[in-house]
Amino acid sequence: MIRVNGNYLKLAGNYLFSEVANRVAKYQEENPGARVIRLGIGDVTEPFGPVITGALRGAVDEMSRRGTFQGYRSDKGYEFLREKIAQHDFLSRGVAMDPEEIFISTGAKEDTANIQELFHRDTRIAVPDPVYPVYVDSNVMAGRTGGFSDGRYGGITYLDCTGENSFRPDLPDGEVDLIYLCFPNNPTGQVATKDDLKKWVDYAKTKGAVILYDAAYEAFIRDDALPHSIFEVPGAREVAIEFRSLSKTAGFTGTRLSYTIIPRELRIPGDDGGSHSLNQLWDRRQSTKFNGVAYIIQRGAEAVFTEEGRREIEATIGYYLENAAIIRRGLEKNGIEYTGGVHSPYIWLRAPGGLSSWEFFHRLLDQCQVVGTPGAGFGRCGEGFFRLTAFGSRENVIEAMERFSRLK
Ligand code: MLT
């Protein structure tokens with residue numbers, strides 16, 4: 001008799017952002033006149049500038065001509081794009097990266113969810129708490145965890161991030177094999193220094209662990225001393241995989257383009273006693289399960305790595321960072337404690353009045369018609385916290401913060 005994958009039945013509730021969307025839809029249905037301002041999911045609002053738009057248009061034209069039309073191509077991504085990424089994202093910061101170590105994909109969400117397939121079912125995973133829920137849910141679906149109780153899945157090592165450790169995870173007490181890190185962090189907006197990352201690289205080397213480093217928000221870093229990539233730390237090539245995305249960097253949340261970096265040196269043992277290249281295994285996985293990102297989108301992405309394209313996206317990132325500053329000032333004015341929002345589009349605040357995350361979610365929606373994301377949705381340590389995103393139009397962000405004064 002056919003049965004569902006029981007691992008899916010372990011999942012606790014809906015995917016966080018679907019749950020938020022459902023509750024907002026219900027509120028909107030009950031209050032049809034309310035003008036709700038959404039600072040919940042980190043979705044970009046500002047349109048492409050002329051450079052990226054022009055590249056996308058040019059590629060559409062190419063697709064309309066016999067000589068330049070493109071069908072299936074490498075599922076790894078076009079070389080023109082992988083070479084530009086190696087040059088602009090890595091070599092420009094003193095990190096040599098072979099384009100063969102770069103895999104173009106449709107999203108860091110997809111890749112951070114799928115990468116766990118490369119690892120043994122018995123792999124012991126560690127995640128910060130609070131954490132982007134995809135890292136956890138994808139391991140639950142893969143059967144790598146026990147059931148959900150008291151806000152946590154059995155079998156996962158949770159690394160508490162609280163005010164006491166400045167919301168940055170400490171090394172685990174016990175042994176773990178696979179560590180998820182994200183800097184600038186979603187949801188807390190914290191950044192890591194090179195020394196912070198070195199600590200993790202050293203740990204991974206000593207324990208034979210692998211670090212999955214989500215750098216989807218690196219473009220928001222404004223301090224040159226802070227690392228944009230874990231590969232800026234010596235030794236990381238033997239222990240880390242990095243995920244990058246144009247979603248928040250260049251407005252591609254709907255267009256979809258990301259890239260995953262797996263250095264050739266990264267090899268881990270298998271049950272057969274051999275040592276296996278994760279670069280080769282991911283290549284094998286992708287060529288079976290993925291047929292590449294559309295040519296048109298890859299040409300649009302290529303424009304991001306030109307000088308003019310860079311200027312275009314920098315202006316938009318600056319706009320979101322200014323939104324973050326407006327949110328920070330608004331919170332200060334209302335006496336609300338927060339962190340983040342400096343090298344990051346996310347502001348992590350303590351729900352005022354000792355409210356729980358979801359209580360504050362509903363209070364903010366009812367009294368101010370502003371949507372944010374309840375911290376508890378990111379993990380047990382997120383309870384009592386709340387995330388606002390700086391992705392929004394300037395008018396909406398200003399108005400949202402003015403509405404905070406209505407909070408009772
Ligand atoms: C978020 O709001 O945390 C992100 O937008 C989710 C994502 O990138 O998938």
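Just after helix 12, Gln369 adopts a positive phi of about 55 degrees. The model in which this residue lies is a predicted one. Helix 12 itself, made up of residues 357-368, contains twelve residues and reaches 16 Å from its first C-alpha to its last, which is close to the 16 Å expected at 1.5 Å a residue. Within helix 12, the residues Ser357, Phe360, Phe361, Leu364, Leu365 and Cys368 are buried. Viewed down the axis of helix 12, the buried residues fall within an arc of 130 degrees, and they therefore line one face of the helix.

The largest pocket of the structure has a volume of about 510 Å³. Of the 26 residues that line this pocket, Ala12, Asp137, Phe148, Ala376 and Gly377 are the closest to its centre. Helix 2, strand 3 (125-129) and helix 6 (133-141) are the elements that give two or more residues to the lining, and the largest share, four residues, comes from helix 6. By class, the lining of the largest pocket comprises 15 nonpolar, five polar and six charged residues.

The structure holds one cavity of 30 Å³ or more, and about 30 Å³ of space lies in the largest cavity. The lining of the largest cavity is formed by Pro128, Pro130, Cys161, Phe167, Pro169, Phe183, Asn185 and Thr188, which divide into six nonpolar and two polar residues, with no charged residue among them.

Notes. Residues numbered from 1 in each chain as written. Predicted model: local features only at pLDDT ≥ 70, side-chain atom pairs only at ≥ 80, totals over all residues. Heavy atoms only, no water. Expected span 1.5 Å × (residues − 1). Buried < 20%, exposed > 50% of the residue type's maximum accessible area, 1.4 Å probe, protein only. Arc of directions from axis to C-beta. 1 Å grid on protein atoms, 1.4 Å probe; cavity = no way out; pocket = protein on both sides within 12 Å on 5 of 7 lines; lining within 4 Å. Points joined across faces, edges and corners; volume = space filled by probe spheres on them. Nonpolar A, V, L, I, M, F, W, Y, C, P; charged D, E, K, R; others polar.
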